[in-house]
Each structure stands twice: as C-alpha cells, then as structure tokens.
Amino acid sequence: MVRKMSRQRHESVVLKRSDHRISRKDIDPDALKVLYRLYRKGHTAYLVGGAVRDLLLGRKPKDFDVVTDARPGQIKKLFANCFLIGRRFRLAHIRFRGGKIIEVATFRREPEEGSDALPEGNNTFGTPREDAFRRDLTINALFYDISNFTLIDYVGGLDDLEHRRVCIIGEPETRYREDPVRIWRVIRHAGRQGFTIEERTADAIDSCRELLATCSGARLFEELNKDLTSGYTADIFSLGLRFRILHAILGGVGEHLERSPRDGEQCLKLLGFLDAAVRNGHAPPSQEFMFSLLFFPWAHNLFQAREQQNGDRIQLLTEAILASGMTITLPKALRSQVIQTLFILEHMLAAARTGRMRWALKKRGRYQDASRLFALVVMGQWSEKHDPFEAYFREIFKTDAGKKRRRRVSRYSRSGKKGSTPPTP
Ligand code: ATP
Ligand code: MG
C-alpha cells in the first residue's frame, strides 16, 4: 500500500545530459530527424518506450518510438512520408528507406471507462504526465527530451531500472483487467532483461491470469511470435511456467507443460537452443519450425500415450490441437505445417530405435525442419548439416540402410500400390 501511494504520487525526476548515458549517436538517425523536425516546428518531442529503456541498459533498441504534443493532422503536414494509421487512436507512421518506420504518437491519457462509444478518430489526448501513466511498465515510460537531452521520469522507472525490477504502473489488478496482455508483457520484460518482478505486480497475476484467455487470439499470436524470435524465449517461458499463464494462452498445450515438469523442462531446453541460435546470429528459423519446436514435448507425449497407427497420427494431432482450447489463433496453414513436421519427427524418433525408416518422407516439404528438430531433440545440438537425421541414422546403424530403404520405397511407390505414403493433414 505504501508502495502504491508512493508510485501514484511519484515526484517527477529530470536527469540532465551529464547524468545519464543516452547519447544521440546511439539513436537511429531517422528517429533523430523526426524528433528534430517536430522540435524545430515548435512541438515537444520525446523518444519513449523500449528505445529509452534499451539505451539506458546499453542494449540496441529494436525500434524507436516518438511521442509529441503535435496532433496527428499536424504531424502529417510536417512529413511527406507520413501515414496515419489506427481508427480509435490515430498514430503517425513515418516511413523511411528499407521499410523502416518511426512511430509517432500524440500524448494521450487512458480512456475513461465506457469510452468505447467514442466516435472514430476521437483521440483521448493528454499531457506528457498522463501519457507516461497510461503506459504499461515504469521502465517503459521514460522520456528522452530532444530539446535539452534530459531524461524525464514521472513514474519511478529510473529507480526500477537501477534495481533491475519490472513494475506495472498504477494498481496492478486494475491495469491487468484493462488489458490482460500486460500480464504477458510483465513476464516478457522480466524474462528478457533478467529482472525481478515487483511484489504487487507479481501478486496480482494470481487473480488475473485467466483473463489472458479473453484476449484477441490474433494479438496473442503476434505477441508469441515476438517472443519466439527474441533470443530470450526460454527465460520468458520459464517465468510463464512459474506464473502459470501458459494454459491461458496455449490451452491444453500450456496446461500440459505446466503439469508435467519433465515436458516443461524439455520445452525450456529446446527453446534455449532456439535462443542460442538467434543470439549467435543464425538465420532466423521459420515460423513453422519455431511452433513445431514449442509443441513437440506436448505432441510427443500425446503420441506416446496413444500409441496410434501411423496413419492416424495426423488426425490425432489435428484433433488434439483443435480440442486444446488455445487462445492464440494459429493460422490454418501454419497448423497443418506444424502437424506435418511433428508427424515426420515422430517417425524419425521411432526409426532411431528400430532402424526402420520410411525414406519416402524425405519428399515431404517439412522433412528438413523435422530433421533439424531431430538434431535438437536427440543430439542436443543446432545442426547446420543438410540432413542431420540421416547422418545420425547412418552413423548408428552403420549400414547403408537409408539408401536401401529409399530404393525400396521408391520401387514400392512405382508399383502404384496405395498406402505407401502417409495421409496429408
Ligand atoms: P520491444 O523492445 O519489445 O519493442 P517495447 O517496450 O518498445 O519493447 P512495444 O510493444 O514496442 O514494446 O510498445 C511500445 C511502448 O508502448 C511500450 O514501451 C509501452 O510504453 C507502451 N505499451 C505497449 N503495450 C502496452 C500496453 N498493453 N499497455 C500500456 N502501454 C503499452
Ligand atoms: Mg518497441
């Protein structure tokens, strides 16, 4: 309670240039251009959000967001390359070469309850202070003022950055109820930065986690994609498991990971390989690969529990995914690719035990992904080999079995006999 009062009434702090580490040379030149143009035309212009946080942490920001007192129409007049987006709250996207976008928002306040009825384009503009307080986390609400290079902190973000903790702005339960995705954002930022979660921010998750299941599936899918390519997925999911939010996002898949410590651990281990690859600068794996990796421990457990005939596995997996009650909306094409990959991988795992492989599967589009996943699951390594499964198979069986089988399978299919290829989902 004491903490809550002090947060709400937090004295604003202004750090002058000599007292902080943000230098203009670390700011994207196009973001600087936008900030300066706004400023020279008489507007307040701040860098805000993740960019300020990351620069203070000595990290390279992913994107640079700007906030200003200029209204959307005024912003549009200042930049020829400006596009206004959003219906309820209009934002300006200033486009630059190479697809870069600098997002410029006008200071706004949290819309009041029941304001859904506001007519389109009716923005709830606010002051810089109100804009800081409507943001999610204290460390995400710091402003860098281009007019004098000061840092402005209305919410206690500098203190939290220094103490390496994530703290939601305002009363946690209210803020989670307003937008349950904030629960995930708390977990993401704590996982990504290796920060602790402030006590009240953490405690309120208990009474609000189920609200995540009411969020838009498309939005949650986007959020999950961000995490999978972040290089910190294992840290984020480890907290996700600890705070038991995964079932509210991934339905039965998340529930299984929360309930089975062995599969939960395996999932974290696999995500750790993915993170290491991303951080070591490997080409980012496809979305199909990342989701197959995420679902593997659950799917493998399902196959083991049901010991189905080969032909039924795809149907089994399809039905199980559909029945899992996931909140995220998994696009249909992605779902079917993931199912194919997991199906082939399951064959590989069986083949590694029995020495019998259906090499006709090599013709399947997802074979390569399954082979690379096999390397992670069985060998515990991110393999750059063309076909790590086949290399492994030949090595342990010390035979030319692969080739022989491949010949046999192709003769088999040439004979036109049905059933030589498993069904597609
Ligand atoms: P990242 O490095 O992932 O881009 P970020 O903090 O910049 O981190 P964004 O999703 O780009 O995250 O959002 C930009 C800013 O918008 C945040 O820093 C935060 O101030 C604000 N914001 C984003 N989502 C919310 C939300 N759900 N509620 C309130 N404020 C939000
Ligand atoms: Mg951002």
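This tour moves from the whole chain to the ligand site, then to one residue of that site, a helix and a group of strands.

The model is a predicted one, in which local features need pLDDT of at least 70 and side-chain atom pairs count only at pLDDT 80 or more, while totals for chains, interfaces and linings use all residues. Residues are numbered from 1 along each chain as its sequence is written, chains are lettered from A and ligands numbered from 1 in the order in which they are written, and side-chain values use heavy atoms, with hydrogens and water left out.

**The whole chain**

Begin with the chain as a cartoon, which shows 20 helices and 10 strands; these are DSSP runs numbered from the N terminus, with helices being H or I of at least four residues and strands E of at least two. Of its 425 residues, 53% count as buried, where buried means under 20% relative accessible area, exposed over 50% and partly exposed in between, with a 1.4 Å probe and protein chains only. Switching to a surface, the chain exposes about 20,300 Å², of which carbon and sulfur atoms supply 48%; such areas come from the Shrake-Rupley method with a 1.4 Å probe, and for residues only the protein chains shown count as cover. Among contacts (heavy atoms within 4.5 Å) with a separation of 6 or more, 68% are made by residues 24 or more positions apart.

**The ligand site**

Next select ligand 1 together with the 17 residues around it, of which Arg-53, Asn-140, Asp-179, Arg-182 and Arg-192 come nearest; a residue is near a molecule or strand if one of its heavy atoms lies within 4 Å of it. This shell divides into no nonpolar, 4 polar and 13 charged residues, with Ala, Val, Leu, Ile, Met, Phe, Trp, Tyr, Cys and Pro counted as nonpolar, Asp, Glu, Lys and Arg as charged, and the others, Gly among them, as polar. Helices α3 (50–56), α8 (181–193) and α11 (217–228) each supply at least two residues of the shell, and the largest share, 4 residues, comes from α8.

Displaying side chains, one finds a polar atom of Arg-53 at 2.9 Å from an oxygen atom of ligand 1, one of Arg-135 at 3.0 Å from an oxygen atom of the ligand, and one of Lys-226 at 3.1 Å from an oxygen atom of the ligand. Taken alone, ligand 1 exposes 590 Å², and the protein buries 85% of that.

**Asn-140**

Now centre on Asn-140, in the loop between α5 (128–133) and β7 (143–145). Because its relative accessibility is 4%, Asn-140 counts as buried. Its side chain is joined to that of Arg-53 by a polar contact of 2.7 Å, a term for N or O atoms within 3.5 Å where, within protein, one must be able to donate a hydrogen and the other to accept it, and residues adjacent in sequence count only if both atoms are side-chain atoms. Leaving aside residues up to four places away in sequence, Asn-140 touches Gly-49, Arg-53, Arg-135, Arg-185 and His-189.

**Helix α12**

Select residues 233–242, helix α12, where 7 of the 10 residues are buried, among them Ile-236, Phe-237 and Leu-239. The buried residues of α12 pack against α8, α11, α13 (246–259), α14 (261–279) and α15 (287–306). Just after α12, Arg-244 takes a positive phi of about 50°.

Finally, select β2 (residues 45–48) and β3 (residues 65–68), which run antiparallel and are joined by 4 bridges; strands pair if DSSP finds at least two bridges between them. Val-48 has Asp-65 as its bridge partner in β3.
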